[in-house]
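Let's take a look at the pockets in this model, and at what lines them.

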Amino acid sequence: MFRTIFLLSMTASVFSQSDLDKAVALYKAKNYADARLSFNNFLTAGIHAAESNFYLGLIANFKDRDYESAIDYFDKATELDGSRHDYFYWLGNAYGQQARKSNFVKQAIYAPKMKNAWEKALELNPAHLESMNSLIIFYIQAPGIMGGSVDKAREMAERITSLDAFSGAMANFNIADYEKDDARIEISLKKAIQINPQVANPHLRLGYFYMNKGRHDEAITVMKKLAEVAPNDANSYDSLGDAYFKKGLIDDAITSYEKAVQLDSRFIASVFNLGECYSKKGMAGKAKPFYEMCITIDPKSSFSDKAKTALDK
């Protein structure tokens with residue numbers, strides 16, 4: 001017995017706080033294989049157990065998309081350290097991800113668990129905006145029998161607004177979007193842009209809102225601003241290309257999609273859209289390699305499915 005305890009203590013002494021910091025740095029650098037090995041070594045040694053379970057949960061969530069395993073890891077982390085709001089927040093997120101891919105019966109089981117996890121995160125950190133926003137989405141999407149309530153969503157939006165005006169504007173946008181209230185959608189997004197014009201998301205949302213309403217000139221104006229705000233993001237130029245395409249300005253759309261692909265050669269949406277542009281211009285020969293490229297980039301994506309259909313015509 002003494003020998004077992006001695007060996008375990010020796011194993012634990014090999015690791016230090018700096019080793020944990022290094023493992024976390026590996027995770028943040030998206031070196032998931034080495035990070036996973038480090039955290040599993042900590043668990044074997046019987047140290048840093050709460051943190052290791054938490055980060056293994058994040059790896060399962062983001063790298064593996066294995067939400068059941070993520071739930072197990074996050075749940076264990078909260079058992080080992082019930083003082084960390086981020087552990088509960090990510091536990092709620094994992095339940096939410098698993099619920100999305102489950103049938104109604106399982107969703108009914110997961111719903112109260114995700115809600116309770118986010119509420120616990122807020123109890124531990126009453127100013128945690130991410131948990132508040134997650135609860136708003138829950139309230140407007142979940143059926144009443146599972147705890148959904150638009151009134152509760154509005155109350156939470158007011159609470160968010162009292163802490164952060166920009167986040168409050170986006171919270172009100174989410175509620176207005178759910179209620180299909182066009183006037184409030186536009187007001188909320190414009191307010192968010194006015195408060196913080198350097199954040200890309202409200203520009204993106206407003207641009208597509210205008211596109212869907214056939215307000216193409218306004219959509220182009222907003223998407224141009226998006227490209228100024230996030231010039232190194234391929235999605236900015238893909239979105240601008242969409243606005244041009246909807247307006248019928250195909251050559252301008254091609255220029256924007258090409259810029260997106262220059263920034264990210266594997267940005268499959270723009271690769272596919274270039275194929276669509278050349279098809280629209282009646283240039284099947286120029287469209288074909290872009291459709292083929294989609295299949296190479298990600299053969300299981302919806303863009304590849306559409307590319308295969310286009311190639312079969």
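## The largest pocket

The largest pocket has 20 lining residues, and Gly 96, Arg 100, Met 114, Ile 137 and Gln 141 sit nearest its centre. A pocket here is an open set of points on a 1 Å grid over the protein atoms alone, where a 1.4 Å probe fits, with protein on both sides within 12 Å along at least five of seven lines; lining residues have an atom within 4 Å of a point. Two or more lining residues come from each of α6 (85–100), α7 (104–124) and α8 (129–141), with α6 giving the most, eight residues. Helices are DSSP runs (H or I, at least four residues), numbered from the N terminus.

The space in the largest pocket is about 450 Å³, counted as what is filled by probe spheres set on the points, which are joined across faces, edges and corners. Its lining has twelve nonpolar, seven polar and one charged residues. Nonpolar means Ala, Val, Leu, Ile, Met, Phe, Trp, Tyr, Cys and Pro; charged means Asp, Glu, Lys and Arg; the others, Gly among them, are polar.

## The second largest pocket

By class, eight of its lining residues are nonpolar, five polar and two charged.

## About the model

This is a predicted model, where local features need pLDDT of at least 70 and side-chain atom pairs count only at pLDDT 80 or more, while totals for chains, interfaces and linings use all residues. Residues are numbered from 1 along each chain as its sequence is written, and side-chain values use heavy atoms, leaving out hydrogens and water.
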